[in-house]
Amino acid sequence: MKLFEVTNPKMTPELIEYLTSLHLLHKTTISPSGKLIVDGDVTLLHTTTSIRFSFESVGGDFNCASTNITSLEHAPQTVGGGFFCNNTKITSLAGAPQSVGGDFNCALTDITSLEGAPQTVGGGFFCAITDITSLEGAPQTVGGSVNCTNTKITSLKGIHKTHRNWKIGGVLYLPPACADIVGLTLIEGIKHIRIGN
């Protein structure tokens with residue numbers, strides 16, 4: 001028996017093999033709930049079709065971009081760095097982390113809603129080139145810009161009621177066809193808006 005297996009008795013041979021393939025074995029511990037805690041970055045292989053094991057938290061970036069995943073099930077709920085699930089086959093943000101220290105990028109996916117998105121994003125929030133039709137579910141606090149260009153959002157009617165406490169540190173980028181944006185002027189946490197290109 002190897003020393004690592006003695007100090008981490010909950011790790012199965014299958015889990016050890018998985019973590020070794022991602023170069024995470026010596027950066028990972030198991031939480032009391034049996035989920036993975038990684039001290040560093042996680043980058044899934046491009047051939048990945050699912051997040052096979054449950055992550056609790058990741059200290060650095062969690063990158064599952066440009067993979068074949070269809071769901072964010074088992075994704076970490078807390079990410080110290082950025083979370084990248086862009087250019088994947090996901091159709092929902094269910095399972096996404098609720099707190100992200102860096103950027104959150106779900107662009108170029110088949111999502112139709114922002115329900116399940118993190119509520120706090122330290123960097124930018126990118127949901128461009130998706131099929132979302134509203135900003136319902138968008139993070140309440142974003143340290144950088146919010147880019148929702150090339151989406152199906154056509155109206156922001158009532159946005160000042162649903163997002164009254166919205167705080168965006170950068171620019172809010174909207175699709176060119178977006179109407180009823182006057183409510184944005186009533187939200188103190190938005191300073192810069194750009195419509196279209």
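This is a predicted model: local features need pLDDT of at least 70, side-chain atom pairs count only at pLDDT 80 or more; totals for chains, interfaces and linings use all residues.

User: How many aromatic pairs does a search of the whole structure find?

Analyst: The search finds five aromatic pairs. In one of them, the ring centres of Phe-55 and Phe-62 are 5.3 Å apart and the planes stand at 75 degrees. The cut-offs are 6.5 Å for a pair and over 60 degrees for edge-to-face, so this pair is edge-to-face.

User: What makes the pair of Phe-62 and Phe-83 stacked?

Analyst: Stacked requires planes under 30 degrees apart. Phe-62 and Phe-83 have 5 degrees between their planes, at 5.4 Å centre to centre. Phe-62 lies in strand S5 and Phe-83 in strand S7, 21 residues apart, and the pair links distant parts of the chain.

User: Why does Phe-55 count as buried?

Analyst: Buried means under 20% relative accessible area, and Phe-55 has 2% relative accessibility, so Phe-55 counts as buried. Phe-62 is also buried, at 0%, and Phe-83 is buried with a relative accessible area of 0%.

User: Which residues form one aromatic cluster?

Analyst: The cluster consists of Phe-55, Phe-62, Phe-83, Phe-104 and Phe-125.

User: How do you know that S13 and S15 pair?

Analyst: A pair needs at least two bridges. S13 and S15 have two bridges, in the parallel sense, and Val-146 stands opposite Leu-172. Strand S16 is joined to S15 by four bridges, also parallel, with Arg-194 as the bridge partner of Tyr-173.

User: Which residues are on the covered face of S15?

Analyst: Leu-172 and Leu-174 are on the covered face, while Val-171 and Tyr-173 are on the uncovered one. In a regular strand, side chains alternate between the two faces of the sheet.

Note on methods
Residues are numbered from 1 along each chain as its sequence is written. Side-chain values use heavy atoms; hydrogens and water are left out. Rings of Phe, Tyr and Trp (its six-membered ring) pair if their centres lie within 6.5 Å; planes under 30 degrees apart count as stacked, over 60 as edge-to-face and the rest as tilted. Buried means under 20% relative accessible area, exposed over 50%, partly exposed in between (1.4 Å probe, protein chains only).
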